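Me: I have a structure to go through. Can we take it in short questions?

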Amino acid sequence: MKTSNPVLARLGQAAERERAAGYAQPGPYGQPGYPQQYPPQQPYPGGYGQPVAPPAVTPMTLDDVVVKTVLMLALLGASAAAAWVLVPDALVGVAWIGAAVVGLVLGLIISFSRMANPALVVAYSIIEGVFVGMVSKAFETLYDGIVLQAVVATFGVFFLMAMIYKARIIRATPKFARIMVAVIAGLFGVMLVNLVLSLFGVNTHLRDGSPLAIGFSLVCIVVASLSFVLNFADIEEGVRMGLPQRYAWTAAFGIVVGLVWLYIEILRLLSYFQGDD
């Protein structure tokens, strides 16, 4: 079965070329079509009969993705805790906005890049941790205990979606993927417009605790939860296609992005029911 993800398709073709490089080398004087010997031989400068190791391409495994995801979450949590403690209350808003902008830029670079870049992914985890820490501190100041509730709910939803995907109750069909991509793009477009309008004092009632705001947050939570189905399917396909091990960072990045989005939406929804005191 071919993947419906065009990025994965391109990466799969690249992985196939990398694996092929380990089994066949160009013939003498650049002539194609000569299979590499076993063990590989290097005519020059070491002379005939001296083995040379072929390029090693270690394929990605599910364990690789789990380890990278846990590492990203650990960095994010440590960064969030450090920002919570070290950033003064007067600078929470500045740090919040600054981390959000930098995290968005890094996220876009990682998303549209065809190559896995562990350094960028690690940097994203740290910056996003500052963002999450500042948002959490602001909400916790207003509503005691809300952060713990949101964290428990976020991971509860994540593991529930993992079980649903494993049981194949929801499948990442090409149609499902197209709908999800369109809906996610639409939601982020609406949120961007709402943010711009709010800067000019226009209240769209999407984030003010009104029934419309509650409904919008519920929609965002459902879509964020369903996005994990796409993540799980992409990871499964990546392992099947033999993507190089470094792409586990990209897969982990996708999961962490979904977790942060889900956490922020759950945090916001819980705040609507906290009352004024």
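Me: How much of the contact count comes from residues 24 or more positions apart?
Reply: Among contacts (heavy atoms within 4.5 Å) with a separation of 6 or more, such residues account for 81%. This is a predicted model, where local features need pLDDT of at least 70, side-chain atom pairs count only at pLDDT 80 or more, and totals for chains, interfaces and linings use all residues. Residues are numbered from 1 along each chain as its sequence is written, and side-chain values use heavy atoms, with hydrogens and water left out.

Me: Which secondary structure elements does the protein have?
Reply: Eight helices and zero strands. These are DSSP runs numbered from the N terminus: H or I of at least four residues for helices, E of at least two for strands.

Me: What share of the protein is buried?
Reply: 39% of the 277 residues. Buried is under 20% relative accessible area, exposed over 50%, partly exposed in between, with a 1.4 Å probe and protein chains only.

Me: Take α2. What does its buried side pack against?
Reply: The buried residues of α2 pack against α4 (118-142), α7 (211-241) and α8 (248-272). Among them are Asp 64, Lys 68, Met 72 and Leu 76.

Me: Other topic. Where does Leu 199 lie, and is Leu 199 buried or exposed?
Reply: Leu 199 lies in helix α6, residues 174-199. Leu 199 is exposed, at a relative accessible area of 67%.
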